[in-house]
Amino acid sequence: MSEPTGKYSITMPRDIAEAAKARSGPSGLSAYVAAAVARQIERDNLNELITVAEAEHGPVTDDEIQSLRDQLADARREQNQHGASAA
């Protein structure tokens with residue numbers, strides 16, 4: 001069952017509207033714009049969570065970010081090694 005919809009009038013630069021229309025494919029411009037707005041809302045919500053977390057715990061440092069990236073890369077390498085040996 002799909003979500004109820006409403007009809008809205010928006011204004012945007014013509015070049016952006018034409019590019020979106022060209023990329024929208026069979027689902028149509030309305031679905032393309034709705035997906036873009038949904039992604040923006042998700043980003044806004046994440047930014048709000050980050051702001052709250054940083055207010056409580058302080059900002060994440062570049063070193064912490066790099067450490068987590070390194071851990072993720074290690075985990076991916078390990079997963080790929082186990083996946084290759086299991087095949």
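## The largest pocket

The lining of the largest pocket holds 9 nonpolar residues, 2 polar ones and no charged ones. Rolling a probe the size of a water molecule over the atoms shows where empty space is left.

Which residues line the largest pocket? They are Gly6, Tyr8, Ile10, Met12, Ala17, Leu29, Ser30, Val33, Ala34, Val37 and Ala38. Helix H2, residues 29–57, gives the largest share of this lining, with 6 residues.

## Helices

How many helices and strands does the protein have? The count is 3 helices and 0 strands. Read from the N terminus, the order of elements is α-α-α.

## Overall shape and surface

The protein has a radius of gyration of 21 Å. A compact globule of 87 residues would have one near 12 Å. Along the principal axes, the C-alpha atoms fill a box of roughly 50 × 45 × 35 Å.

Buried residues account for 5% of the 87 residues. The accessible surface is about 8,200 Å². Carbon and sulfur atoms hold 55% of that surface.

## Confidence

The average pLDDT of the protein is 93. A score of at least 70 is reached by 97% of the residues. Where is confidence highest, and where is it lowest? Confidence is highest in H2, at 97, and lowest in helix H3, residues 62–86, at a mean of 92. Where pLDDT is low, the predicted coordinates should not be read in detail.

Terms used: Residues numbered from 1 in each chain as written. Predicted model: local features only at pLDDT ≥ 70, side-chain atom pairs only at ≥ 80, totals over all residues. Heavy atoms only, no water. 1 Å grid on protein atoms, 1.4 Å probe; cavity = no way out; pocket = protein on both sides within 12 Å on 5 of 7 lines; lining within 4 Å. Helix = DSSP H or I, 4+ residues; strand = E, 2+ residues; numbered from the N terminus. Nonpolar A, V, L, I, M, F, W, Y, C, P; charged D, E, K, R; others polar. pLDDT = per-residue confidence, 0-100. Rg over C-alpha atoms; globule rule 2.2 N^0.38 Å. Buried < 20%, exposed > 50% of the residue type's maximum accessible area, 1.4 Å probe, protein only. Areas by Shrake-Rupley, 256 points an atom, 1.4 Å probe, with all protein chains shown as cover.
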